[in-house]
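This report describes selected features of one protein model.

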Amino acid sequence: MKVLFDHPNPFLLAHGGFQTQIEQTKKALEAVGVEVEWLRWWDGKQRGDLIHYFGRAHPAYIRQAQMKGIRVVMSELLTGLGSRGAMSRKLQKLFMIVTSRVLPKEFTARLCWDAYQFADASIALTSWEKKLMMEMFSAKPGRVHVVPNGVEDVFFSEPKAKIQGPKSKYLVCTATITERKRVVELAEAAIMAQVPVWIIGEPYSKKDHYYEKFLAVVRAAGEMVRYEGGISSREKMASIYQNASGFVLLSSMESLSLSALEAAAGGCPLLLSDLPWARSSFGSRATYSRLGSKEEEAVNLKNFYHGIRKAPKPDEPCRWEDVGKQLFRIYEGLLADKTSR
């Protein structure tokens, strides 16, 4: 079995969780014996049994692959869609229906709304994303598989390796410094609540206005907000999670936060935005904060911090090895179905 990975956006233009997901998925599949290559668009002689496309593929792309006997699996992050309210999604669905009936197919084809109906399989990170794929894009239930992101072994807190002594005073937030992660708002709430928060991450650009605003808030925060940039060492990040009082992420949009999963593996209590992705992933094993006024978020942050000993602990997340095994079974089923025809 040879699988080709394809993705439309260069990693050099934007770092983040999707890059980590793609790279770790490749390693996980190789660990269970699957041959994986990056799809070389310039190489007409490259061969593969299946394309795993990270994003939403154009229907013509999918059909051309299938005509060559290649199965197509899609993994798209429905970050924005999954964070909208019910009325907003209903209006979007109505717009899609009307537009597809009124405008030329050449125009609507560019939006790739029907890609889910052509793909051989789609991978959803959560049950919430699966629901969206079916309701919004008419994906067939049997073709949508829920496979969450995994966590590297280094992040799991082993009983013999638990840190002795008192926990760090900080709540940790690991996130890209950008608007949708709401780190400025978190820092402001921390100052108002007098709760120490350690924010770890880098911006997409150090010239970004939001990043400049974030640095200004950090400078005015004194000891309440710690920021020293990003941390590339996975071992160091694992140690930080295992020693932290808790983890907080009050972002406005997510698919399935890798940093939240890593913190959960380290045994951190979680305070997350009250959004469907979080509820479907962690259920009653996390604490939630509605995104509202600064005052409301500050109260929620303070209550979480001072009640941290009674806060629920998340269940242990999947390891990447488990993700590799789940995807292998999905691929195997698709290729077995092809040979039986």
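Which residue in E9 does Val-197 stand opposite? Val-197 stands opposite Val-225 in E9.

## Basis of the report

This is a predicted model, in which local features need pLDDT of at least 70 and side-chain atom pairs count only at pLDDT 80 or more, while totals for chains, interfaces and linings use all residues. Residues are numbered from 1 along each chain as its sequence is written, and side-chain values use heavy atoms, with hydrogens and water left out.

## The six-stranded sheet

Six strands form an open sheet in the order E9-E8-E7-E10-E11-E12, with parallel pairing; strands (E, at least two residues) and helices (H or I, at least four) are DSSP runs numbered from the N terminus, and two strands pair if DSSP finds at least two bridges between them. Strand E9 (225-227) and strand E12 (287-289) stand at the edges with a single partner strand each, so one side of each is left without a neighbour in the sheet. Neighbouring strands are turned by 25° against each other on average, direction ignored. E8 and E9 run parallel and are joined by three bridges.

## Helices on the sheet

H11 packs on the sheet, touching E7, E10 and strand E11 (270-273), where contact means heavy atoms within 4.5 Å. The direction of H11 makes about 160° with that of E11; axes are lines fitted to C-alpha atoms, for helices over the stretch in contact, and angles run from 0 to 180 degrees between N-to-C directions. Helix H13 (residues 294-306) also packs on the sheet, touching E7, E8, E10, E11 and E12.

Eight of the eight residues of H11 are buried, so this helix is largely enclosed by the rest of the structure; buried means under 20% relative accessible area, exposed over 50%, and partly exposed in between (1.4 Å probe, protein chains only). Just after H11, Gly-267 takes a positive phi of about 85°.

## Helix H10

In H10 (residues 234-243), the buried residues are Met-237, Ala-238, Ile-240, Tyr-241 and Gln-242. They pack against E7 (171-174), E8 (197-200), E10 (246-249) and H11 (258-265).

## Helices H4 and H7

Helix H4 (residues 86-102) packs with helix H7 (residues 127-137) at an angle of about 35°, their axes lying 10 Å apart. Arg-89, Gln-92, Lys-93 and Met-96 in H4 meet residues in H7 including Trp-128 and Leu-132.
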